[in-house]
Amino acid sequence: MKVLVIGAGNMGSAFVKQISAAGHEVSVTARDTSKAATLAAQYPGVKAVTSASAAEGKDLVILATGYADAVTALQSVGNLQGKVVVDITNPLTADYMGLTLGHNTSASEEIAKAIPGAHVVKAFNTLFAQVLAQGATLADGNKATVFYAGDSEPAKQSVKALAESLGFATADAGGLKNARYLEPLAGLNIYFGYGAGRGTGIAPTWVGA
Ligand SMILES: NC(=O)c1ccc[n+]([C@@H]2O[C@H](COP(=O)([O-])OP(=O)(O)OC[C@H]3O[C@@H](n4cnc5c(N)ncnc54)[C@H](OP(=O)(O)O)[C@@H]3O)[C@@H](O)[C@H]2O)c1
């Protein structure tokens, strides 16, 4: 797959590492071009690109900025009509202990409204950057799960295929509206990781038939 990663922070760096290691063609763009260049230089074949037209020719665009920067970042990469856009954002309060929206909408739905014609899929938002960077198998031997939710079946299949190529278990979480559940699930994960002191090597999963 040809993948564009927007953002060179914790999650963007982990995506670039894992997606390039899995053999995909990765480009990365960042607000500060030197950060994208420094990140790209660490992995063979990864290209740092400027934002203008960066989405052109890509199969999948991963949004790895904060929620507040999401729309600006997406609108900077060119035409997103028909593109699969993976929204990993969690709309967190400043203290990371709450969400700024939910119940009757979600970050994903608000982002989708701003880029009509793109196929937004919520995914990877329940994984800590540490888990993404270290790989799918956790310290206790369990595989972390990537939940994905979206309204386009082909777009969801692309995201599932990407997650599986990185070694993750996957779970179809339904339509994009269910981002309203996935974002609070990430909030609970953050509570377990930081509030309850379990650390950032954990991830939510589902068990049973
Ligand atoms: N960290 C986690 O464990 C984790 C887990 C699950 C989901 N998430 C979600 O993933 C997203 C990224 O989190 P993070 O921890 O990676 O944050 P981060 O380290 O702050 O990285 C965000 C990056 O986005 C860049 N950025 C901002 N506006 C941009 C634009 N217009 N164009 C290109 N790049 C832009 C920032 O650039 P500057 O460096 O110039 O500010 C920064 O490098 C957030 O929405 C978060 O809720 C994070």
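The model is predicted. The protein chain has 7 helices and 8 strands, and the strands form an open sheet with mixed pairing. A shell of 29 residues surrounds the ligand.

**Overall shape**

- The radius of gyration of the protein chain is 16 Å, which agrees with the value near 17 Å that a compact globule of 209 residues would have.
- Along the principal axes, the C-alpha atoms of the protein chain fill a box of roughly 40 × 35 × 35 Å.
- Of the 209 residues in the protein chain, 46% count as buried.

- The order of the 8 strands in the open sheet is β3-β2-β1-β4-β5-β6-β7-β8.
- The edges are held by β3 and β8 (169-172); each has a single partner strand, so one side of each is left without a neighbour in the sheet.
- In general, strands of a sheet pair through backbone hydrogen bonds, in either a parallel or an antiparallel arrangement.

- Strand β1 (residues 2-6) is largely enclosed by the rest of the structure, because 4 of its 5 residues are buried.
- β1 and β2 run parallel and are joined by 5 bridges, and L4 stands opposite S27 in β2.
- β2 also pairs with β3 in the parallel sense, over 2 bridges.
- V28 has A48 in β3 opposite it.

- Strand β7 (residues 145-150) is mostly covered, with 5 of its 6 residues buried.
- The pairing of β6 with β7 is antiparallel and extends over 3 bridges; A123 has Y148 in β7 as its bridge partner.
- β7 and β8 run parallel and are joined by 4 bridges, and the bridge partner of F147 in β8 is A171.

- In helix α2 (residues 33-40), the buried residues are A36, L39 and A40.
- Seen down the axis of α2, these buried residues fall within an arc of 95°, so they line one face of the helix.
- The buried residues of α2 pack against α1, β2 (25-29) and β3 (47-48).
- Helix α4 (residues 107-114) has A107, S108, I111 and A112 as its buried residues.
- The buried residues of α4 fall within an arc of 130° when seen down its axis, so they too line one face of the helix.
- The cover over the buried residues of α4 includes α3, β5 (84-87), β6 (119-123) and α7 (179-195).

**Around the ligand**

- Among the 29 residues that surround the ligand, the closest are G7, G9, M11, D69 and T89.
- Helices α1 (10-21) and α3 (70-75) are the elements that give two or more residues to the shell around the ligand.
- The largest share of the shell, 3 residues, comes from α1.
- By residue type, the shell divides into 13 nonpolar, 12 polar and 4 charged residues.

**Loop residues**

- S53, in the loop between β3 and β4 (60-63), is not a glycine, and its phi is near 60°.
- S53 counts as exposed because it has 12 C-beta neighbours inside 10 Å.
- F124 lies in the loop between β6 and α5 (129-134) and has a positive phi of about 65°, although it is not a glycine.
- F124 is buried, with 29 other C-beta atoms within 10 Å.
- T105 belongs to the loop between β5 and α4; with 14 C-beta neighbours inside 10 Å, T105 counts as partly exposed.
- T105 and L176 are 71 residues apart along the chain, and their C-alpha atoms are separated by 9.9 Å.

Key:
Residues are numbered from 1 along each chain as its sequence is written. This is a predicted model: local features need pLDDT of at least 70, side-chain atom pairs count only at pLDDT 80 or more; totals for chains, interfaces and linings use all residues. A residue is near a molecule or strand if its C-beta atom, placed from the backbone, lies within 6 Å of it. Ala, Val, Leu, Ile, Met, Phe, Trp, Tyr, Cys and Pro count as nonpolar, Asp, Glu, Lys and Arg as charged, and the others, Gly among them, as polar. A residue is buried if 20 or more other C-beta atoms lie within 10 Å of its own, exposed if 12 or fewer, and partly exposed in between; C-beta atoms are placed from the backbone. The arc is that of the directions from the helix axis to the C-beta atoms. Two residues are in contact if their C-beta atoms, placed from the backbone, lie within 7 Å. The radius of gyration is taken over C-alpha atoms; the globule rule is 2.2 Å times the number of residues to the power 0.38. Two strands pair if DSSP finds at least two bridges between them.
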